[in-house]
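Where do aromatic rings meet in this chain, and what surrounds a strand in its sheet? Take the rings first, then the strands.

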Amino acid sequence: PSSARGGGASRRRRRVPTPPALSALDPAADLNFRTISRRGLASPSRAWGGHLTGGGGGDGGSSGPLPTNAWYGNLLSHGAASDPSRAGEVAHVYAVPYVVGVSPPGPPRFPSPEPRGRAETMAGIDILLPYMKTSAGNVQMVYLKSNGVSLGAIVDRGTGADVRAPTSYKVDADEELSPLGVSLKWDHVAMRTSIVRGMPYGTMRYGRDPGGRHVLPVITAGSRVRSILVDGEAGSPGTKMLCGSLTGGAVDQDPNRRAAVTSDGRAETHDVRGEVIFQLSQSDFTWVAFFSKPVKVRCFSDAVPAVSAPGTDSEVKFRLDVTAVEDGGSDDELVVRVALLSECSSGRGTIREHCDFLGTLGYDTVSSKSGREGYLSALRKGAGLYSKSPLVGVDLPGDGGEDDEGRMTNVVFDWDATPVNPAGRGGGSGVA
């Protein structure tokens with residue numbers, strides 16, 4: 001069942017037209033229908049948090065059924081609730097256009113001289129772009145995990161995080177349940193996300209740790225980086241950025257498969273005012289990361305040597321770290337948004353399906369070279385507002401005796417547009 005819940009829900013329900021219920025009777029109390037109590041794996045998981053006990057719903061109080069059959073239900077399954085880092089495909093949902101997961105691979109501590117360096121624990125979301133695969137009997141949305149990116153933060157186990165599930169999360173009790181999305185709040189790191197159907201961005205909000213320090217974002221990928229451009233918006237040519245090597249040492253690179261890595265293998269630190277655009281090699285995907293505050297970043301990337309040599313066995317081939325946040329004393333959260341700019345940047349990806357599909361359309365899309373700049377401009381304009389708890393309503397025609405041709409039913413959306421900078425500093429317009 002779907003449900004807008006709690007006192008906050010009744011306040012928000014007025015933002016969209018809602019037809020009156022066919023009946024206000026309680027099936028059990030008023031109609032004497034049989035009830036059943038669900039226990040164990042048949043009951044909602046602990047990931048529902050305060051909504052299980054009536055403490056969710058935005059501004060206190062929560063009642064009514066949980067939307068346990070919602071499209072995002074896999075994120076709240078018992079498998080995801082017990083340990084998201086091990087949930088894998090069990091905790092994936094199709095948010096359109098992305099498949100979103102909650103099991104980022106643990107990146108090694110870069111740079112590391114050891115090819116099998118111990119991995120860190122990363123909490124966050126995976127952002128994966130699928131392609132359609134069809135046969136006579138089915139249609140599937142297929143993705144290659146190494147082609148996606150992960151957005152999150154490193155969990156500091158030294159802060160007392162539950163070692164059994166250091167990446168666990170719950171439904172954010174400060175946000176209302178929505179038929180179009182769900183908001184999650186991590187238990188052991190001050191980090192929140194809102195996963196909304198149709199989102200072109202993955203969005204993460206970062207707070208502060210118990211010591212008052214900023215939680216620092218991490219972006220990882222399973223492909224090495226081909227190029228990185230910092231702050232190239234508003235007519236600026238931007239600054240080309242180079243990463244350190246995974247080992248921190250110099251790499252004599254294969255000239256035909258060159259990565260954006262410094263000659264000595266040491267990572268550079270760059271100031272970022274607003275955005276970083278990075279193109280990944282094997283996937284051929286180009287991504288844009290937007291930051292709501294000025295930050296300092298550095299990165300590490302895999303590189304292919306001219307002479308074959310043992311490499312790392314990590315799933316992570318690229319890692320971008322925020323090392324400092326320049327907030328000017330503001331208490332606002334740092335909001336990081338990541339969006340795919342092109343899934344066919346050069347036509348030299350390891351899988352051809354994304355480029356082949358674009359070639360069959362017969363017209364240009366936002367991923368085409370001719371449409372890429374326009375789409376980047378649209379992403380920049382929309383990066384300043386994000387959706388948290390959208391609502392959908394139906395505006396039925398009145399009973400005014402009009403002809404059928406004059407009667408119109410409208411579907412109304414309220415996307416709950418929220419600025420990344422609540423005080424109105426910076427940001428664009430629009431919402432996504």
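Rings of Phe, Tyr and Trp, the last by its six-membered ring, count as a pair if their centres lie within 6.5 Å. The model is predicted, and side-chain atom pairs count only at pLDDT 80 or more.

With that cut-off in hand, start with the rings. Across the whole structure, a search finds seven aromatic pairs. One of them joins Phe285 and Trp287: the ring centres are 6.2 Å apart and the planes meet at 55 degrees, so this pair is tilted. Planes under 30 degrees apart would count as stacked, and over 60 as edge-to-face. Phe285 is buried, because its relative accessibility is 1% and the limit for buried is under 20%. Trp287 is buried too, at 0% relative accessibility.

Now turn to Phe413 and Trp415. Their pair is stacked, with 5.4 Å from centre to centre and 5 degrees between the planes. Phe413 is partly exposed, at 42% relative accessibility. Trp415 is also partly exposed, with a relative accessible area of 33%.

Return to Phe285 and Trp287. Together with Tyr98, these residues form one aromatic cluster.

Charges also sit over rings. Arg197 lies over the face of Trp71, 4.7 Å from the ring centre. Arg337 places its charged end over the ring of Tyr201, at 3.9 Å from the centre.

Next, the strands. The hairpin of β16 and β17 has five residues between the strands. In this hairpin, Asp284 takes a positive phi near 70 degrees.

β16 has another partner. Strand β12, residues 225-230, pairs with β16 in the antiparallel sense, again over five bridges. Here Val230 has Val276 as its bridge partner in β16.

For β16, Glu275, Ile277 and Gln279 lie on one side. Val276, Phe278 and Leu280 lie on the other. Residues on both sides are all buried, and both faces of the strand are covered.

Terms used: Residues are numbered from 1 along each chain as its sequence is written. Side-chain values use heavy atoms; hydrogens and water are left out. Buried means under 20% relative accessible area, exposed over 50%, partly exposed in between (1.4 Å probe, protein chains only). A charge sits over a ring if NZ of Lys or CZ of Arg is within 6 Å of the ring centre and within 35 degrees of the ring normal. Helices (H or I, at least four residues) and strands (E, at least two) are DSSP runs, numbered from the N terminus. Two strands pair if DSSP finds at least two bridges between them.
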